[in-house]
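This briefing goes through one protein model by topic. The sequence and the coordinates come first, followed by the notes.

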Amino acid sequence: MKIACLGWGSLIWDPRTLPVSSDWSNDGPLLPVEFTRQSNDGRITLAITPDACAAKVFSALLDVVSMDEACRALAEREGIPAKFITRSVGHWAASSQSDHPQARAIGGWATQAGYEGVVWTALKPKFDKAYVTPSCTQVLAYLGGLSGDAREGAEIYVRRTPAAIRTAYRDEIERALGWTPIVDA
């Protein structure tokens, strides 16, 4: 089965155990992603965010034989417990799809791209331990107030995010904090 994984953040530069069998390519669908998820380690990461501007995300082929294996592999990489896979890992295949709001659009992209299935991280925006979408002002104040290892980790995440992933919050983060993309040689 030809199954793709979609990525827009750290999956691209740090796949860890994710069984990626191709290079990441900026040929994925347009998805509304934004820096709206406060991670447990303090970073602000990208998440699919209602009302965000759409950005063309990345895709890579996975070395898996089934949709279940693809979902489990992505959940493992993202640190998602097995009991939360159905709500935190989005998936689409001709025979079934998750109830994620972007599943239908992703399925249309997958069909045109020749994939039989696709998985993606479906974690919701989260800020201050609540499932809410923080404003850009809140994100800037939060990031600007970090120090030490937390600030370094947050900066690395923002700067390592591919330059092709342009968002409104990213533009403001670059302006306010100078966290411009790192261009790998």
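Strands β6 and β7 run antiparallel and are joined by two bridges. The model is a predicted one.

**Strand β6 and its partners**
- A hairpin of two residues connects β6 to β7, and W92 stands opposite Q97 in β7.
- On β8, β6 has another antiparallel partner, with five bridges between the two strands; the bridge partner of V89 there is T121.
- Five of the five residues of β6 are buried, so the strand is largely enclosed by the rest of the structure.
- V89, H91 and A93 point one way from β6, while G90 and W92 point the other way.

**The five-stranded sheet**
- The sheet is open, has mixed pairing, and its five strands come in the order β5-β1-β8-β6-β7.
- Strands β5 (58–61) and β7 (96–97) are at the edges with a single partner strand each, so one side of each has no neighbour in the sheet.
- β1 (residues 3–7) and β5 run antiparallel and are joined by four bridges; L6 stands opposite S59 in β5.
- Helix α2 (residues 67–78) packs on the sheet and touches β1, β6 (89–93) and β8 (117–121). The direction of α2 makes about 20 degrees with that of β8.
- Helix α4 (residues 103–113) also packs on the sheet, with contacts to β1, β5, β6, β7 and β8. For α4, the angle to the direction of β8 is about 135 degrees.

- β2 is mostly covered, with eight of its nine residues buried.
- Three bridges link β2 to β4 (residues 54–56) in the antiparallel sense, and P32 stands opposite A54 in β4.
- β2 also pairs with β3, again antiparallel, over five bridges; in β3, T45 is the bridge partner of R37.
- The hairpin of β2 and β3 has five residues between the strands, and G42 in this hairpin takes a positive phi near 100 degrees.

**R43 and its surroundings**
- R43 is found in the loop between β2 (30–38) and β3 (44–48).
- The side chains of R43 and D41 make a polar contact of 2.9 Å.
- Leaving aside residues up to four places away in sequence, R43 touches R37, Q38, G153, A154 and Y157.

**Aromatic rings**
- Over the whole structure, a search finds four aromatic pairs.
- One of these aromatic pairs is F127 with Y142, in an edge-to-face arrangement with 5.9 Å centre to centre and 80 degrees between the planes.
- That pair links distant parts of the chain: F127 is in the loop between β8 and α5 (136–145), Y142 is in helix α5, and the two are 15 residues apart.
- F127 is buried, because its relative accessible area is 13% and the cut-off for buried is under 20%.
- W13, F35 and Y157 are linked by ring pairs into a cluster; Y157 is also among the residues that R43 touches.
- The charged end of K2 sits over the ring of Y115, at 5.2 Å from the ring centre.

Definitions and conventions
Residues numbered from 1 in each chain as written. Predicted model: local features only at pLDDT ≥ 70, side-chain atom pairs only at ≥ 80, totals over all residues. Heavy atoms only, no water. Pairing = 2+ DSSP bridges. Contact = heavy atoms within 4.5 Å. Axes fitted to C-alpha atoms, helices over the stretch in contact; angles between N-to-C directions. Polar contact = N/O pair within 3.5 Å; in protein donor to acceptor, adjacent residues only side chain to side chain. Phe/Tyr/Trp six-rings, centres within 6.5 Å; stacked < 30°, edge-to-face > 60°. Buried < 20%, exposed > 50% of the residue type's maximum accessible area, 1.4 Å probe, protein only. Lys NZ or Arg CZ within 6 Å of the ring centre and 35° of its normal.
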